[in-house]
2 protein chains.
Amino acid sequence: MVNRSSLANAIRALSMDAVQQANSGHPGAPMGMADIAVALWHDNLRHNPANPEWPNRDRFVLSNGHGSMLIYSLLHLSGYDVSIDDLKNFRQLHSKTPGHPEYGYTAGVETTTGPLGQGIANAVGMALAEKLLAAEFNRDGFPVVDHHTYVFLGDGCLMEGISHEVCSLAGTLNLNKLVVFYDDNGISIDGHVEGWFTDDTPKRFESYGWNVIPAVDGHNADAVLAAIASAKASDKPTIICCKTVIGKGSPNKQGTHDSHGAPLGKDEITATRAAIGWEHAPFEIPADIYAEWSAKEKGAAQEGEWNNLFAAYAAAHPELAAEFKRRVAGELPADFSAYAAEQLKLIDEKAETIATRKASQNAIQALTAKLPELLGGSADLAGSNLTNWKGCQSVKVDQSGNYLHYGVREFGMAAMMNGITLYGGYRPFGGTFLMFSEYARNALRMASLMKINPIFVFTHDSIGLGEDGPTHQPVEQTATLRLIPNHDVWRPADTAESFVAWQVAVEHTNTPTSLVFSRQNLAYLKKDAEQLANIRKGGYVISKEAGELKAVLIATGSEVELAMKAQAALAAEGVHVRVVSMPSTYMFDRQDADYKNSVLPKGTPRVAVEAGIADYWYKYVGLEGAVVGMTTFGESAPAGELFKQFGFTVENVVNTVKGVLTAA
Amino acid sequence: MVNRSSLANAIRALSMDAVQQANSGHPGAPMGMADIAVALWHDNLRHNPANPEWPNRDRFVLSNGHGSMLIYSLLHLSGYDVSIDDLKNFRQLHSKTPGHPEYGYTAGVETTTGPLGQGIANAVGMALAEKLLAAEFNRDGFPVVDHHTYVFLGDGCLMEGISHEVCSLAGTLNLNKLVVFYDDNGISIDGHVEGWFTDDTPKRFESYGWNVIPAVDGHNADAVLAAIASAKASDKPTIICCKTVIGKGSPNKQGTHDSHGAPLGKDEITATRAAIGWEHAPFEIPADIYAEWSAKEKGAAQEGEWNNLFAAYAAAHPELAAEFKRRVAGELPADFSAYAAEQLKLIDEKAETIATRKASQNAIQALTAKLPELLGGSADLAGSNLTNWKGCQSVKVDQSGNYLHYGVREFGMAAMMNGITLYGGYRPFGGTFLMFSEYARNALRMASLMKINPIFVFTHDSIGLGEDGPTHQPVEQTATLRLIPNHDVWRPADTAESFVAWQVAVEHTNTPTSLVFSRQNLAYLKKDAEQLANIRKGGYVISKEAGELKAVLIATGSEVELAMKAQAALAAEGVHVRVVSMPSTYMFDRQDADYKNSVLPKGTPRVAVEAGIADYWYKYVGLEGAVVGMTTFGESAPAGELFKQFGFTVENVVNTVKGVLTAA
């Protein structure tokens, strides 16, 4: 048999050579973790390179994503659709091997990593999803969901706050099939970490209730293999703390931050080849090493066994098996559209005046009845966000249920939701105050970048929040969310728009959604059938002008009713304006030019009204239009007083329209 | 003497009555922490209510800011300028007692809190500033800087990731004058925390190297007093874990989340009065309790002693004392403007083609020579952000120096910088990649809200980052930063603009600044004296049209040179355009209408060019203009290829201008 060090050296050689060829990248982590990677991928990982979508595969997350050549090497060597040419194209335009591992670009990459701490959070989400799906679908004798989630991470991930949030929760939820390898190499970009990172990490993870395996020699295969065996046997999540040498093998750069984030250089690569006894040219791997690394045969056998198990399961539990397939494929039930249309009709008939967060809860109630894949939750604001519903079951240590109490962990929640979504079988939604979308912001972006479809619920959406004051009153948040590419943001005006927002969010396959809801009650706005149907276009005429069109008022959420009152006041003076409700600029921007022009006729002056930062709306009103919006932070006071204070009054909207008409 | 429980009950009564009167707020934490508050404020805190600005006062931070009535009660009772009428106006418009404590609104409130976890981070910054200022200014026999920083926090702060970041660093830096009281009441908004928060918090803080005082009865004055004494004697930061009952005193709601975030209700308040033996009407405090609570006399004496000490210090070290006063007052040296002007002249003469992050480092080198209050740092990217300089001294466990290795802790860094700024004596600046401004985002907002002036340095500002790919390439970040009210964002085009950006940032007194710099080299753009002087206006004509003005190109940063090349190409075809460099829209927006019109003449078509999200620029180009910008995420590839791929070419800019002219 090819010896283990040759298997590890294949990783080292590919990594240092690819980084050298790209003239950028991070050789240190792949070289330092190569021996651990052999113990995990060669000896333990259950996966099938021929089918990266096998539902019961082990999940692997490289949370220290800058070490991307490690996973690319592993995917290539074990037989995934990552060729040697792909490795030669490391970090080149449109290659399968971008600078950081990107979900959707490379077979076998389970999630996009690089922004530190989020990979481990994704993995906690995956490990939880595995538990929940197992609880929901496994039956006696049929463990159709039964595998591990493995994570590599480094000092950077452990310094990031999000690692605290999710590892704490993983301990509380006792996710014992989560196994984390800590690459304890003592080096970060600024140098030796002892000046800025002196945590007793084993003790820290003990405080979370984890199984901690300290002081493992990360270059000793037996020690790592024993640790993995012990981790798999544990009834708690496990962290294996591996002492490693960064850039291991490089005689002059190993153990220093010189090997962290830059090519080793030609001379040092030559010296490294000599030091590790690797006599092959760049990107040349001997056939016997390829053969030993290949996981194709073993993987096919493993999946084959599972396919047999699943066939027997399907025979015994046909409906459950069909539902499992639907859920894992991420498909909506065939009659979903009809169901949603019926619900919307009921809502329109009811015409309730309630807060849109309450309307959201009603939508959740209706949708969860049809979609058991919906997995709710909140960052300790269940009763405020109203993301819970009648009949929901809290996920506790028993690892079953459909409502997660994430605790006060907004960023952790959002990144876990990404992991749950990537895992499959569930459509997570999670709530917090709109303000604290900021704590979670980069996870929302990662969802957009990965083209996945979690649903973020953000309530208390403006100064309408009232007394809690400017620390909690969103001003610029809705606008900044709208600026994330591939991110659909809805700010509905009433119960019907709230339901449609939910429906569109659920229907999105490649786009995450942020749903923005009010704390305060909003009146129902009467709609005809065409208007109801147009909501999903993101912007529509909610109230037509009663005479010659002079201007268009564009409003969202709580300000639509205000715009309609201003319309009435202007009409009384003979000035006829139209009101456009624009709950989703994302959807509106994607309509055809004819539709857009039918809503916002070219050349007609426009005024936007939104209790959010004004700047965003110039995209729609232009230099000649005007915006009734916020230009400062809010204040602590009852909501009604604040709307007056900041100019959200009929009088001010009317005067703003007149000002625009005078200037035009 | 008035007994302790009466002192505590005064807090309880004021808190429940004010929340009831406002009909919103959080009585639970003030009532639960009242006994701890007596032990700290009545027996330990060194402060002078008559002078909340006394530099050597103890700092107190209510990190669980929703319990604002606790600090308002304490400020009122101990004699600050917070009247009983102010308490009656709790949460009303323009009152001194907003829903969450806000810096600048209320004498004695050291920082704005409410967004959980940031208060403790501010406090870690304050405790560090105390150490650094002491190291810099104290002399034998003259401990002019020598006090404690105290923090109250709850489960929420401890669940938030940022608490991990800053408490870990506080342990590494051994900030032994930081004393944290953990309000361990077992309740968060969703209910009893055991379903989502089961950390062994004492063990967690031991893992950070803290002095941990576990299992203190938070309602036992002797126990709390003993813990404080032990904390003050420790050579490590201390956490005192206090078991408390939320809403203590309320017979039917204490110990439940019903007392957390809503008024107790009239009946329960009556029952509470009876249960705690408080016979006074709402907002009535007996004179003997006022007398016992008052810290006026003791505080005046304490400050008087210090004034004597400082006078002796000033006699022995007159220059040091003068410098201390300047630093604490936050004043720039009298000759700063002249110095800066001279530096700018040198930079203009040198006309270097370098990355603006390197230009930033040069600016730092020049400014630190003049301003010893500049306290640099980076979240583990010193060599990439180039926030270090020749001669800077890393802050280590010795607690002196002027450069902080914050570790991979972006949010913690930013919130600590806010705390350092609030403390006084230092002007912190800290760096990370622009992408990871998102991790820190809410702390940037808090700086803007508090009207303080830290300087955030964000490098690697666009797809120009290249191979690291879309996870690290900012697209929407610069635009979203510009949407924060009271936040100045600079994206300079060359060395001169980079220096002016730094100068303006340093000169801001009430506004934080985000400085956005390139990874890649940018050419120096020749300027005359007027142009050099106009940089600080945020937008100026960097290249005038050579004939009849047809259009204006507005560009920032790396795209200004591109705009100038497009200008030349258009001129060759007889189409004359002007190029406006707009490094700071914040500053430009604040110029008078005449100046703005002289730069951007009304009615002239405009095209904006920025390698960032396009949407933002419609504010300046309107519906008839156009934007050469990003509408998607980037890719992993060498920077040059990416600029081509995404349309940042002379050809595309030229065609875009022509398109606008054709449509006009």
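Is D43(B) buried, exposed or partly exposed? I looked it up: D43(B) is partly exposed, with a relative accessible area of 30% (buried is under 20%, exposed over 50%, partly exposed in between, using a 1.4 Å probe and protein chains only).

A note on the source: this is a predicted model, in which local features need pLDDT of at least 70 and side-chain atom pairs count only at pLDDT 80 or more, while totals for chains, interfaces and linings use all residues. Residues are numbered from 1 along each chain as its sequence is written, chains are lettered from A and ligands numbered from 1 in the order written, and side-chain values use heavy atoms, without hydrogens and water.

Entry on the partner of D43(B). I found a salt bridge (a Lys or Arg side-chain nitrogen within 4 Å of an Asp or Glu carboxyl oxygen) from R4(B) to D43(B), with the closest N and O atoms 2.8 Å apart. R4(B) sits in helix α1 (residues 4–22) of chain B and D43(B) in the loop between α2 (28–42) and β1 (59–62), so the pair ties together parts 39 residues apart in sequence (helices, H or I, of at least four residues and strands, E, of at least two are DSSP runs numbered from the N terminus). R4(B) is partly exposed as well, at 25%.

Entry on chain A. I saw R59(A) paired with E110(A) in a salt bridge at 4.0 Å. R59(A) is buried at 1%, and E110(A) is buried at 10%.

Entry on neighbours in chain B. E545(B) bridges to K544(B) at 3.6 Å; E545(B) counts as buried at 15%, whereas K544(B) counts as exposed at 57%.

Last, my search of the whole structure gave 68 salt bridges over all chains.
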